[in-house]
Amino acid sequence: MSDLSTKIGRLTLQNPIMPASGTFSEDLAAVFDLDRIGAHVLKTITAETRSGNPTPRVCELPGGMLNAIGIPSKGIDYFREHALPFWARYSAPLVVSISAHSAAEFATLARAVSLPGVAAIEANISCPNIEADGKAFAMSPESTEAVMRALRGATDLPLWAKLTPNTGEPIEVAQAAEAAGADALVVANTVLGMAIDIESRRPRLGNVMGGMSGPAIKPIALRMTYQCARAVAIPVIGCGGIATLDDVLEFLIAGARAVQVGTETFRSPTVMLRLIEALDQWMAARGIGSLDQIIGTIAAEADEAARHWGAAS
Amino acid sequence: MFHDPLMPAAPRCAEVTAEVLSNSPVNGEYRLMELAAPPEVLECHPGQFFQLLCPTSGADQPYLRRPMSIYGYDAAAGRLQFLYKIAGAGTRGLATLRPGDGLNVLGPLGVGFSMPPEWRNLMLVARGVGLATLAPLAKLAQAEGRRLTAICSARRADLAMSTDLFRSYGAEVIVVTDADGSSSVESLRALIGGRIAAGQVDAFYTCGSSRLLRLLQELGAAHGIPGEIAMEQQMACGIGMCQACVRSFRVGDQIVQRRVCREGPVFPIAEAMA
């Protein structure tokens, strides 16, 4: 057995494999022992109840899917009274994903979920569905810094900022989140996309546009993980299209300290267990004792090339 | 173990690779696939479904799993059956499977049909592949000693599905067709109304068709007859995580959203919305 543990700020995870928000719920407890994964990242909650988007909410594409679920949420009271007691039976750290329409509302919600049993807050400042035309806080460094400062003032819990790949300024946004007090970055969320049924000429999602996920977006998430890991000192958690051991290793080598597995769990609900076992075996076969021998070990020539792309050094 | 009635424990399910035993056409439209499956996926209940990881074939690359209702299951024999019609990339892939091939299945999933003791005289009404979903229910009804009438609707008599199977479960089978007009709503209303008047219907079961749903809602409301419907919706995960497969239901004077995969796929006919 290799040591698969990894530190995300002051949190230590038993292994670097955790679910991406929105692809994990108490329902998965019917399939496997949820204490075997590195952390529990819940679906985004909002302060108010929300019913979500009209159907169809998902659409299948080659190498992935589009979704516009619309963050249906039972609200903060349900979270406190039902979700939190359910998750209390597990020892894996509980990460609560939150979303709101303004920095002030974000801060209020962060305060409300800063409860015993919650290990960290993931600020979903990137979900492309919730704001008009897919706009989100994490599109610009200024709005990222403003919302993360408000959050930092509202809670002492570790704060993870979930960034969007839809920004043209990923490095500046990552640095803004760090400057405002984020403890870690989750890189990244879905890529804003669209699909049309040519017979009916209707959008294939009820919400017209939605977030692309699955293996098709992995190169984008990996690129952004690499850019962000070079640009900030806080831990980066890779997320986007991860389905295989090779995917996990690529993100770790690019600089991620942990990864989130999302859409692949829809295809195979036990994929996270298989990835943990495969990582363990891969490390053992190579005599690699700890993840630090993998994380951020991308070959030096990449750094040289990265400078030509304007990446921070 | 902690138990919250508002968040009931999901039924156990498993992801396994089953072996294809046979996969062949049963008529011009439908195919029957029989799998050898391990015990951990065979504690099924009528109305439940599986999520099938359909193979790629040609240009088709079905990315998501496909929900499919169970046509038959036999835990003692280690058998699982699906009846399907080739309708898209997923079922085109399924049709390529040959005996000996593996198929990754996830299940059993969802909440199936109920059969309270006071429902003595059962009426099944369905059309097309909807009848496949009701086949395990008919088997259970026979085992429970209930009286069963199955109204099987089809375009033509020779396309009526599973009539012999329903008869083998002791059902009185009534085939209604578009060809002779007996499948029209007016004809069915008269047919079912006559059975109700004769005191031969305690509950309805149906699947799929909006037209049949509305008729059974109307008759159920007029005569105080309960019933259940198995519903469909496009799904991604099939176990409740993604919230893609919601439908609206009328509960009292409220409209509520429920996940077809998790709270369903079986719902009270009175609450379903076509």
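## Chat about a two-chain model

Reader: How confident is the predictor in chain B, going by pLDDT?
Author: Chain B averages a pLDDT of 92, and 96% of the residues score at least 70. pLDDT is the predictor's confidence in each residue, from 0 to 100. This is a predicted model: local features need pLDDT of at least 70, side-chain atom pairs count only at pLDDT 80 or more, and totals for chains, interfaces and linings use all residues. Residues are numbered from 1 along each chain as its sequence is written, with chains lettered from A and ligands numbered from 1 in the order in which they are written.

Reader: Where in chain B is the pLDDT below 50?
Author: Over residues 1–8. Beyond near neighbours in sequence, that stretch has ten contacts in the model. Contact means C-beta atoms, placed from the backbone, within 7 Å. Where pLDDT is low, the predicted coordinates should not be read in detail.

Reader: What are the ipTM and pTM?
Author: ipTM is 0.91 and pTM is 0.93.

Reader: How many helices and strands in chain A?
Author: Nine helices and 16 strands. These are DSSP runs, numbered from the N terminus: helices are H or I with at least four residues, strands are E with at least two.

Reader: What does the radius of gyration say about chain A?
Author: It is 18 Å, close to the 20 Å that the globule rule gives for 313 residues, so chain A is as compact as a globular protein of that length. The radius is taken over C-alpha atoms, and the rule is 2.2 Å times the number of residues to the power 0.38. Buried residues make up 53% of chain A. Buried means 20 or more other C-beta atoms within 10 Å of the residue's own; exposed means 12 or fewer; partly exposed is in between; C-beta atoms are placed from the backbone.

Reader: And chain B, how many helices and strands?
Author: Chain B has five helices and 15 strands. Its radius of gyration is 18 Å, close to the 19 Å from the globule rule for 274 residues, so chain B is as compact as a globular protein of that length. Buried residues make up 45% of chain B.

Reader: Switching to H4 of chain A. Mostly covered or mostly open?
Author: Mostly covered: seven of the ten residues in H4 (170–179) are buried. Among them are A:Val173, A:Gln175 and A:Glu178. The cover includes helix H3 (141–152), strand S9 (159–162), strand S10 (184–187) and helix H5 (218–231) of chain A.

Reader: What follows H4(A)?
Author: A:Gly181, with a positive phi near 110°.

Reader: Where does A:Asp292 lie?
Author: In the loop between helix H8 (271–285) and helix H9 (300–308) of chain A. A:Asp292 is partly exposed because 14 other C-beta atoms lie within 10 Å. A:Asp292 and A:Ser5 are 287 residues apart in sequence, and 9.6 Å apart in space, C-alpha to C-alpha.

Definitions and conventions
Two residues are in contact if their C-beta atoms, placed from the backbone, lie within 7 Å.
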